[in-house]
Amino acid sequence: MASSHGTPPVFNNKVIAWIDHRLPIFSYIEKEYHTFPTPRNFNYFWNFGAIATVMLVLMIATGVVLATNYTPHVLMAFDSVERIDRDVPQGWLIRDMHMNGASFFFIAVYVHIFRGMYYGSYKAPRELLWILGVVIFLLMMATAFMGYVLPWGQMSFWGATVITSLFSAIPVVGDSITTWLWGGFSIGNPTLNRFYALHYLLPFVIVAVVALHVVALHVHGSNNPTGIDPKGPQDTVPFHPYYTMKDGFGVVVFLIVYSAVVFFAPDYLGDAANYIPADPLVTPTHIVPEWYFLPFYAILRAVPDKLGGVIAMFGAIAVLFILPWLDTSRVRSSTYRPIYKWFMLILVADVVVLGLCGANPPAGFWIPLSQVATLYYFFHFLILLPILGKIERPLPMPPSIADAVLKKKAG
Amino acid sequence: MATASVPAGGHGDPTRRDFLMVATGALGAVGAAAVAWPFINNLNPAADTLALASIEVNVQPIEVGQAITVKWRGKPVFIRHRTAQDIKEAVAVPMSELPDPQTDNSRVTDTAKKVRPEWLIMIGVCTHLGCVPLGNKPGQDKGPYGGWYCPCHGSAYDTSGRIRKGPAPLNLVIPEYLFTTDTLVRIG
C-alpha cells in the first residue's frame with residue numbers, strides 16, 4: 001500500500017546512505033512517517049493517538065528524574081516525596097507534571113478509545129490493532145495504580161489494600177495470592193518495593209506494545225471518519241507534512257490545557273487524604289481511587305457480592321477484547337449508523353454516571369443508580385451491539401473518501 | 001538391533017527422532033518450570049516477615065465495655081472486653097440469620113480450647129476488601145448490630161464480629177491466640 005506512492009528514497013548524504021544500506025532506519029521513517037498515504041479527511045479525534053504517545057514519553061522522562069530522588073521504603077517514601085516537592089530544585093514541577101501527566105494520559109487514551117468505538121476502528125482488518133490497544137490500556141491501569149501507591153499517603157495505602165484484596169475473592173487460592181502479592185500479611189515494605197520496581201518496568205513494556213500497535217496500524221493504515229477504505233491517491237495525503245502538522249497543533253493545544261492544570265491547580269485532580277502519611281490502623285472514611293478508575297470502581301461496588309463484584313469489574317474491561325466480534329454491523333463509522341450513533345453517546349453518558357457513582361459513598365440512591373448503570377454498560381456490549389448490527393439500516397455511503405469530502409465542501 | 005536402519009516411517013509412524021524430540025521438549029519444559037519457581041516464590045513473605053508472627057498483650061487494663069487495637073503482622077487486632085449484654089445478644093442470634101454461621105462460643109475459644117466469652121479477639125480487617133471497620137473506639141459508629149461497621153462498602157458486624165449485612169462474605173477472622181495467664185494473651 002505504502003509503496004504505491006512515490007519511489008524508494010535516495011539519500012544524497014553519503015553517511016545516511018551508508019547507514020541506511022546496513023540498517024534501513026531512514027527508509028523506514030521515510031516510508032512510514034513521510035510518504036505514508038493517510039486518509040485526507042481526519043478530524044481532530046485522530047490527534048489523540050499522537051497526544052497519548054507524547055504523554056507516554058513525558059511520563060517516562062519525568063518518572064526517571066523523580067526516581068533519582070524517591071526512596072521506596074515505608075518509613076521514608078512519604079518524606080522523600082515531600083522533599084521532592086519542597087527542597088529539590090524544580091522537584092515540585094517534575095512531580096506535578098508526572099502526577100497530572102497520568103490524568104492527562106488517561107484523558108488522551110479515553111478520547112482515543114471513544115474515537116475507535118464511534119468510528120468503528122476496531123472492525124476488520126484492525127481487530128488485533130484494537131486488542132493491542134486494550135492491552136496497553138490494562139498495562140496503563142496497572143502502572144498508574146502502582147504509581148499511586150508510591151507516595152505512601154493514606155489513599156496510597158488504602159487504595160492498594162482495597163485493590164489487592166480484590167484477588168482474595170478468588171475461591172480457594174485467593175488468600176495465598178494476596179499474601180504473595182503483598183510479600184507479607186498486609187500491604188507493607190515488601191509491597192512498596194515491588195510496586196516501585198514494577199512501576200519503573202511497566203512503562204517500557206507499554207512502549208513495546210505501543211510499537212506493536214503502530215506496526216499493526218501501518219499494515220492497513222488508519223481508519224477515517226467515513227470508515228471507507230481509501231481507494232486511490234485521490235483519497236490520501238502523505239503523512240508528512242499534513243498530519244505531522246495537524247498532530248503537532250493538537251499536541252500543543254492539549255499541552256496548554258495540561259500546563260494550566262500543572263501550574264495553577266496541580267492538586268485539583270488528586271485527593272487531599274494522600275497528603276496524610278499512611279496509617280495501617282486507620283481507614284479513611286471515604287476511599288476513592290483516582291478519577292480515571294471511578295467507573296470501574298462503581299461497577300465493583302454495584303454488585304452486592306464480593307466475587308461477583310470483582311468479576312463484573314474485570315468483565316467490564318474483558319468485553320472490550322471481544323468488541324470486534326460483538327458488533328455485527330459491517331458499517332464502521334457512526335456517521336452512517338443512525339441508531340448506533342445515539343447509543344454510543346448514551347454509553348458515554350452511562351460511563352460518566354458510573355464515574356459519579358464511584359466518586360460518591362455507596363449509600364442512598366447511588367447504589368441503585370450504579371446498579372442500573374452497570375447493567376446498561378453490559379447491555380450495550382453484550383445485547384445491543386450484536387442485535388443492532390442486524391436490524392439497523394445504515395445510511396447511504398459515498399463511493400469514496402474524496403467524494404465525501406468534496407460533496408461536503410460543495411454542499 | 002544396533003544395525004537396525006531408520007524405520008521406513010509411514011504417515012504417523014513415530015521414529016526414534018520423533019521420540020527424542022518429544023523427550024527433549026518435555027525435559028526442557030520441566031527445566032523451565034523449575035527455573036520459574038524461584039522467581040515466583042521469591043515474592044512470598046520472607047523469613048524476617050514470618051518471624052514477626054506473634055505478640056503478647058496484657059489485657060488487664062481493659063475495662064468491661066472497652067476495646068483496644070494492637071498491631072500484629074502489620075494489621076490491626078481488636079481486643080474487646082465484652083459486656084454481659086454484648087454476650088447475651090451474640091449468643092441469642094439464631095444460626096439461620098448468619099451469612100457465615102458460627103456460634104459465639106466458637107469465636108471466643110483460645111488454642112487451649114478454653115472459652116472466655118468476655119474476651120473477643122479478632123483481626124480488625126473487613127473481609128470484603130480489607131478496610132479497618134469502625135466501632136472499636138468510643139464514639140465510633142458501631143453499625144446496626146452493635147458491633148463494628150465498615151465505612152468503605154457498608155458491611156455491618158455484630159457483637160461477636162460476625163457479618164450480618166453488606167458485601168463482606170465472612171465473619172471477622174479470629175487469629176490463633178492463647179491466654180498464657182488470665183491477663184496475658186499471646187496472639188499468633
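Here is a quick briefing on how this two-chain model packs inside, where its chains meet, and which spots are worth a look.

What you have is a predicted model. Chain A and chain B touch each other, with 24 residues on the A side and 24 on the B side. A search over all chains turns up 12 salt bridges, but the interface between A and B has 0 of them.

**The nonpolar cores**

- The largest nonpolar core takes in 119 residues, and the ones with the most contacts inside it are A:Met117, A:Tyr377 and A:Phe381.
- Helix α6 of chain A, running over residues 127-149, gives this core its largest share, 13 residues.
- There is also a second, separate core of 15 residues, and B:Val59, B:Val77, B:Ile123 and B:Val185 are among them.
- Looking past its neighbours within four places in sequence, A:Tyr377 is in contact with residues including A:Phe296, A:Ile299, A:Leu320, A:Asp350 and A:Leu354.
- A:Thr374 sits in helix α15 of chain A, residues 366-391, and is buried at 7% relative accessible area.
- Beyond four places in sequence, A:Thr374 is in contact with A:Ala298, A:Ile299, A:Ala302 and A:Leu354.

**Where the chains meet**

- About 2,200 Å² is buried between chain A and chain B, with carbon and sulfur atoms giving 67% of that area.
- On chain A, helices α7 (154-165), α8 (174-182) and α11 (294-302) each bring at least two residues to the side that touches chain B.
- Helix α7 of chain A supplies the largest share of that side, 4 residues.
- By type, the chain A residues touching chain B split into 12 nonpolar, 9 polar and 3 charged.

**Salt bridges to look for**

- Side chains of opposite charge can pair when their charged atoms come close.
- B:Arg82 pairs with B:Asp104 in a salt bridge, and their closest N and O atoms are 2.8 Å apart.
- These two partners are 22 residues apart, with B:Arg82 in the loop between β3 (75-81) and α3 (84-92) of chain B and B:Asp104 in the loop between α3 and β4 (119-123).
- Both ends are tucked away: B:Arg82 is buried at 2% relative accessible area, and B:Asp104 counts as buried at 4%.
- B:Arg164 and B:Glu97 form another salt bridge, with 3.1 Å between the closest N and O atoms.
- B:Arg164 is in strand β7 (residues 163-165) of chain B while B:Glu97 is in the loop between α3 and β4, so this pair ties together parts 67 residues apart in sequence.
- B:Asp158 is buried at 2% relative accessible area, and B:Arg162 is buried at 0%.
- Over in chain A, a network of salt bridges links A:Lys123, A:Asp327, A:Arg337 and A:Glu392.

- Most residues other than glycine have a negative phi, and most peptide bonds are trans.
- A:Ala124 and A:Pro125 are joined by a cis peptide bond with omega at about 5°, and A:Pro125 is in the loop between α5 (91-118) and α6 of chain A.
- The peptide bond from A:His240 to A:Pro241 is cis too, with omega near 5°, and A:Pro241 is found in helix α10, residues 239-264, of chain A.
- A:Trp152 is not a glycine, yet its phi is positive at about 55°.
- You'll find A:Trp152 in the loop between α6 and α7 of chain A, buried at 6% relative accessible area.
- B:Lys113 has a positive phi as well, near 70°.
- B:Lys113 lies in the loop between α3 and β4 of chain B and is exposed, with a relative accessible area of 69%.

- A:Val74 belongs to the loop between α3 (48-67) and α4 (77-86) of chain A, and is partly exposed at 26% relative accessible area.
- Setting aside residues up to four places away in sequence, A:Val74 touches A:Trp152, A:Gly188, A:Asn189 and A:Leu192.
- A:Val74 and A:Pro277 are 203 residues apart in sequence, but 9.7 Å apart in space from C-alpha to C-alpha.

Terms used
Residues numbered from 1 in each chain as written. Chains lettered and ligands numbered in written order. Predicted model: local features only at pLDDT ≥ 70, side-chain atom pairs only at ≥ 80, totals over all residues. Heavy atoms only, no water. Core = buried A, V, L, I, M, F, W, Y, C linked by side-chain atoms within 4.5 Å. Buried < 20%, exposed > 50% of the residue type's maximum accessible area, 1.4 Å probe, protein only. Contact = heavy atoms within 4.5 Å. Buried area = accessible area lost by both parts, 1.4 Å probe. Salt bridge = Lys/Arg side-chain N within 4 Å of Asp/Glu carboxyl O. Nonpolar A, V, L, I, M, F, W, Y, C, P; charged D, E, K, R; others polar.
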